[in-house]
Amino acid sequence: MFVLAALALVVGALWAFTLLDRGETRLAWLALAALPLVAWATHAGRDQAVVLRDEGGCWWLETPPGAARPLAGTLRIAFDFGNWMLLRFEPEGGRQRWLAPSHADMPEAWLAFRRAVYSPRIAPAGLSAQAPADPPA
């Protein structure tokens, strides 16, 4: 995650200096003002530990780990770079959260985690798919 943040800061600074060179000072100052925001967002997101579980077609998010009320929701893949992924967790009736798990976070479980993320979700059976309690005689 540190490498990604450093890359974002370098690209943002180069963009700002390119804008200054072109004479577009207003946009350059806007780009320079955004750089501390990138640094802050990287620092703020780095220290949050979460537990993500897949249970029967539904993802559960616990933050902090061991929380009394985990959130149920869906998990969507935004980017997959092999050794790390950018995921969007959408809780039922809540605000979405962005997660960036990596191989370094869970080296032993990384392949199993990736398989779970990519496995198709099984929709719960609706009423029409369920057998009646008392079959007709």
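This is a predicted model: local features need pLDDT of at least 70, side-chain atom pairs count only at pLDDT 80 or more; totals for chains, interfaces and linings use all residues.
Buried, for this talk, means under 20% relative accessible area.

Start with β4, residues 85–91. In a regular strand the side chains alternate between the two faces of the sheet. Here Met 85, Leu 87, Phe 89 and Pro 91 point to one face and are buried.

Now the neighbours of β4. On one side, strand β3, residues 71–80, runs antiparallel to β4 and is joined to it by seven bridges. In that pairing, Leu 75 stands opposite Phe 89. The two strands form a hairpin with four residues between them, and Gly 82 in the turn has a positive phi of about 85°.

β4 also pairs with strand β5, residues 97–99, in the antiparallel sense, over three bridges. There Leu 87 stands opposite Leu 99. This hairpin has five residues between the strands, and Gly 93 takes a positive phi near 75°.

What does Leu 87 touch, leaving out residues up to four places away in sequence? The list includes Leu 75, Ile 77, Trp 98, Leu 99, Phe 113 and Val 117.

That brings us to the core. The largest nonpolar core has eleven residues, among them Leu 75, Leu 87, Phe 89, Leu 99 and Phe 113. Strands β2 and β4 and helix α3 each give two or more residues to this core. Which element gives the largest share? It is α3, with four residues.

Next, the aromatic rings. The structure holds four aromatic pairs. For Trp 59 and Phe 113, the ring centres are 6.3 Å apart and the planes are at 70°; the cut-off for edge-to-face is over 60, so this pair is edge-to-face. The pair links distant parts of the chain: Trp 59 sits in β2, residues 58–62, and Phe 113 in α3, residues 110–118, 54 residues apart. Both Trp 59 and Phe 113 are buried. Ring pairs also link Trp 59, Trp 110 and Phe 113 into a cluster.

Another pair is Phe 81 with Trp 84, at 5.0 Å centre to centre and 35° between the planes, which is tilted. Are these two residues buried or exposed? Phe 81, at 52% relative accessibility, counts as exposed. Trp 84, at 24%, counts as partly exposed.

Methods. Residues are numbered from 1 along each chain as its sequence is written. Side-chain values use heavy atoms; hydrogens and water are left out. Rings of Phe, Tyr and Trp (its six-membered ring) pair if their centres lie within 6.5 Å; planes under 30 degrees apart count as stacked, over 60 as edge-to-face and the rest as tilted. Buried means under 20% relative accessible area, exposed over 50%, partly exposed in between (1.4 Å probe, protein chains only). A nonpolar core is a set of buried Ala, Val, Leu, Ile, Met, Phe, Trp, Tyr and Cys residues joined through side-chain atoms within 4.5 Å. Contact means heavy atoms within 4.5 Å. Two strands pair if DSSP finds at least two bridges between them.
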